[in-house]
Amino acid sequence: TDGVITIDPGYKNTGSCVSAITFLDGEKGILRYRGYSIEELAEKADFLEVAYLLIFGELPTTEVLEKFTQDICAQSIVDEDVRKIVDAFPKSAHPMGVISSLTSALTAFNPSSVNVDSEEDMYNAIVKILGKFPVLVAWTMRKKQGLPLDYGDCNLGYVDNTFKMMFKQPNKDYVKNPIVISALNKLLILHADHEQNCSTSTVRIAGSSHAGLFASLSAGISALWGPLHGGANQAVLEMLEAIRLDGGDTKKYMAKAKDKNDPFRLMGFGHRVYKNFDPRAKIIKKAADEVLSDLGIDDPILNIAKALEQEALNDPYFVDRKLYPNVDFYSGIIYRAMGIPVEMFTVMFAMGRLPGWIAQWREMRLGKEPIGRPRQIYVGETLRPFTPITER
Ligand code: SDX
């Protein structure tokens with residue numbers, strides 16, 4: 001206001017906007033979407049129901065949800081030219097790079113900016129990306145596995161169809177597994193929004209230049225990829241696997257996590273906002289127990305995760321820093337039990353977060369927010385004359 005610039009690395013104490021979408025209380029471990037508790041939504045709602053709630057602000061009636069679902073289903077055909085791009089990737093390509101590229105490719109097929117004054121234009125862009133993204137997610141996974149792509153049947157239902165496109169084996173009937181579908185529905189809901197996290201802030205600032213919805217989402221996917229953010233769910237599994245292979249010596253890794261000279265961090269622990277249990281982690285931990293026992297899986301890394309959690313909850317280093325398990329600590333254990341490859345975990349996070357990114361982008365554009373353009377404090381060289389290369 002008075003020309004004074006304060007630097008706030010990581011925006012730890014900076015608010016970027018006012019928002020009516022998601023409420024977090026980091027001290028109490030509270031998370032609500034449009035006023036509804038995450039505990040109720042995870043237990044009672046459908047993922048598309050929650051997507052509608054986040055984006056448009058109210059839980060839909062049966063008729064509205066049916067139309068929303070049909071409009072999304074109608075958009076679940078992806079241009080064959082985009083499918084050709086999938087073919088161009090080598091199997092070794094990281095799925096987050098593939099999905100980010102495919103989302104950018106969709107951008108090339110859509111307007112560079114959406115006319116936000118037209119609710120119809122905005123609605124059409126929203127159902128288009130919600131319809132196509134699960135196809136891109138499934139194709140990304142099938143590409144990695146060298147399997148033929150499955151075009152799905154969106155009359156199965158959003159989450160069920162996603163699972164079919166990911167897992168239906170060629171020349172075998174698709175066998176629905178209600179335990180897995182219910183767990184995936186819950187996981188997607190738990191990831192759907194989280195106020196101004198790194199990737200959502202990226203979507204908002206990209207969109208603030210009036211870049212289109214798809215381009216802004218592609219920027220958010222890239223930010224989510226980082227191991228300190230959405231990439232943590234993959235890093236957690238790799239960490240637990242490394243501990244298992246190292247004889248399950250959790251105490252050794254706890255010591256490494258506390259050693260300032262050791263770059264090792266206990267992945268899946270700590271959070272910028274939650275200084276108490278991440279409410280999502282509690283729900284996912286319970287779901288992990290249920291899914292693994294329902295599927296008859298005894299996964300040793302679940303026991304290693306629980307041992308790490310117990311040790312951290314009783315260790316002054318973690319207690320003093322209020323480091324608790326976050327959303328990424330147990331989610332990978334469920335994805336693994338579902339048969340989802342570890343490199344796909346962050347793509348699943350992106351699929352869950354898609355409605356939140358859309359809702360936040362729409363709120364920012366409807367709020368006619370100015371283009372994001374922070375200032376800086378310059379600490380570089382003062383004015384100096386150019387010296388010809390012969391004199392350097
Ligand atoms: C997500 O923002 C969101 O809402 C994100 C998210 C969402 O839904 O969008 O919730 C999803 O990204 C969850 C977080 C996933 N990331 C990880 O699990 C990676 C491991 N966690 C850390 O890297 C860290 O806790 C962060 C990134 C989550 C938070 O970092 P902060 O807030 O910048 O905290 P910090 O790095 O300044 O750490 C504070 C102290 C430091 O020690 P001191 O310098 O005070 O001695 O805590 C220590 C850190 O060294 N610390 C850890 C630790 N996390 C923090 N020490 C060991 N292991 C850890 N995991």
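Between which two helices does the loop that holds Glu195 lie? Glu195 is in the loop between helix 8 and helix 9 (198-207).

## Basis of the model

This is a predicted model, in which local features need pLDDT of at least 70, side-chain atom pairs count only at pLDDT 80 or more, and totals for chains, interfaces and linings use all residues. Residues are numbered from 1 along each chain as its sequence is written, and side-chain values use heavy atoms, with hydrogens and water left out.

## Residues with positive phi

Most residues other than glycine have a negative phi. Glu195, although not a glycine, has a positive phi of about 45°. Its relative accessible area of 26% makes Glu195 partly exposed (buried means under 20% relative accessible area, exposed over 50%, partly exposed in between, with a 1.4 Å probe and protein chains only).

Lys368, also not a glycine, has a positive phi of about 50°. Lys368 is placed in the segment after helix 17 and, at 58% relative accessibility, counts as exposed.

## Helix 5 against helix 6

Helix 5 (residues 95-108) and helix 6 (residues 119-145) have axes that come within 10 Å and cross at roughly 140°. Helices here are DSSP runs (H or I, at least four residues), numbered from the N terminus; axes are lines fitted to C-alpha atoms over the stretch in contact, with angles from 0 to 180 degrees between N-to-C directions. The two helices are therefore oblique to each other (angles under 35 degrees count as roughly parallel, over 145 as roughly antiparallel, 65 to 115 as roughly perpendicular and the rest as oblique). The crossing of helix 5 and helix 6 is right-handed, the near helix being turned clockwise from the far one by less than a right angle.

Helix 5 contributes Pro95, Val98, Ile99, Leu102, Thr103 and Leu106 to the contact, and helix 6 contributes Ile129, Lys132, Phe133, Leu136, Val137, Thr140 and Lys144 (contact means heavy atoms within 4.5 Å). By class, this contact has 9 nonpolar, 2 polar and 2 charged residues. Ile99 of helix 5 is buried, at 0% relative accessibility. Beyond residues up to four places away in sequence, Ile99 touches Phe133, Leu136, Val137, Thr140, Ile221 and Val347.

## Helix 7 and its surroundings

The axes of helix 7 (residues 158-167) and helix 8 (residues 178-190) come within 9 Å and cross at roughly 110°. Helix 7 is thus roughly perpendicular to helix 8, and their crossing is right-handed. Val159, Asp160 and Phe163 of helix 7 meet Val180, Ile181, Leu184, Asn185 and Leu188 of helix 8.

Helix 7 is largely enclosed by the rest of the structure, because 10 of its 10 residues are buried. The cover over these buried residues includes helix 2 (47-56), helix 3 (62-74), helix 6, helix 8, helix 16 (327-338) and helix 17 (345-366).

## Asp150 and Lys164

Asp150 lies in the loop between helix 6 and helix 7 and counts as buried at 10% relative accessibility. Its side chain is joined to that of Lys164 by a polar contact of 2.9 Å (a pair of N or O atoms within 3.5 Å; within protein, one must be able to donate a hydrogen and the other to accept it, and residues adjacent in sequence count only if both atoms are side-chain atoms). Lys164 is among the buried residues of helix 7. Apart from neighbours within four places in sequence, Asp150 is in contact with Trp139, Arg142, Lys164, Met165 and Lys168.

Methods: Ala, Val, Leu, Ile, Met, Phe, Trp, Tyr, Cys and Pro count as nonpolar, Asp, Glu, Lys and Arg as charged, and the others, Gly among them, as polar.
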